[in-house]
Amino acid sequence: MSTKSLPPIQPIPDLQSSSTISNNCHKSTNNIPDNYALHYLRSVGSEHFNNKESATVELKLKGFPNDPFYIHREYLVTQSTFFRDLFQNLKQGDLVIIEAPSPETFSDVLEWLYTGDSDKFYDSMTEYNWHEIWENVEFLGLGIEAKTICMAFYQEVIDV
């Protein structure tokens, strides 16, 4: 079995002080629009999602200590107020343990943050787990894009 060499994650300087992604394409202090940087990251996101070799830190969820996530600062700080605050005090290789509202659906939300695959994110929802996914979206402080997908599911499936 051969191993595939992943393209490196291109560091995006000063993302920590960058604003959240907004509809008006607010530019970060390095003059790279947040949405452009996110588009690039998501184009290679499936290769970096939960990839231990390229991760910034290891994340474990309380109640699920044997299922770690290997996360990357570059993917998360512009999309999540929770991760923006969390990464302020972390350094390469740290282990972090958090208590998410719904550990069972956390992976679906995290994968969407990496890939931006809205169809897959929408398809991960069921009438039984929609509320738990919504709780994780709220907990992570995600923006309008994630909330719009959740609300579309709610309107089309739950609120019939």
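Mentor: A term to start with: a salt bridge is a side-chain nitrogen of Lys or Arg within 4 Å of a carboxyl oxygen of Asp or Glu. Keep in mind that this is a predicted model.
Trainee: OK. How many salt bridges does the structure hold?
Mentor: It holds 6 salt bridges. One of them joins the side chains of K120 and E111, at 2.8 Å from N to O.
Trainee: What does K91 pair with?
Mentor: K91 meets D94 in a salt bridge, 3.6 Å from N to O. K91 is exposed, at 59% relative accessibility. D94 is buried, at 18%.
Trainee: Why does D94 count as buried?
Mentor: Because buried means under 20% relative accessible area, and D94 has 18%.
Trainee: And what about E58?
Mentor: The side chain of E58 meets that of K60 in a salt bridge, with 3.9 Å between N and O. E58 is partly exposed, at 22% relative accessibility. K60 is partly exposed too, with a relative accessible area of 22%.
Trainee: Why do such side chains pair at all?
Mentor: Side chains of opposite charge can pair when their charged atoms come close.
Trainee: New topic: helices. Which residues of α1 are buried?
Mentor: Helix α1 covers residues 34–43, and D34, A37, L38, L41 and R42 are buried there. They sit on the same side of α1, because they cover an arc of only 130° around the axis.
Trainee: Why would residues a few places apart line up like that?
Mentor: An α-helix has 3.6 residues a turn, so residues three or four places apart point the same way.
Trainee: What's on the other side of α1?
Mentor: Y36, H39 and S43 are on that side, and they are exposed.
Trainee: And what do the buried residues of α1 pack against?
Mentor: Four helices are listed here: α2 (45–48), α3 (73–76), α5 and α8 (144–158).
Trainee: Let's stay with α5. How does α5 cross α7?
Mentor: Helix α5 spans residues 103–115 and helix α7 spans 130–140. Their axes come within 9 Å and cross at roughly 65°. The crossing is right-handed.
Trainee: Which residues make the contact?
Mentor: From α5, it's T105, F106 and V109. From α7, it's E132, I133, N136, V137 and L140.
Trainee: How many of them are nonpolar, polar or charged?
Mentor: The contact has 5 nonpolar residues, 2 polar and 1 charged.

Notes. Residues numbered from 1 in each chain as written. Predicted model: local features only at pLDDT ≥ 70, side-chain atom pairs only at ≥ 80, totals over all residues. Heavy atoms only, no water. Axes fitted to C-alpha atoms, helices over the stretch in contact; angles between N-to-C directions. Helix = DSSP H or I, 4+ residues; strand = E, 2+ residues; numbered from the N terminus. Left-handed = near helix turned anticlockwise from the far one by under 90°. Contact = heavy atoms within 4.5 Å. Nonpolar A, V, L, I, M, F, W, Y, C, P; charged D, E, K, R; others polar. Buried < 20%, exposed > 50% of the residue type's maximum accessible area, 1.4 Å probe, protein only. Arc of directions from axis to C-beta.
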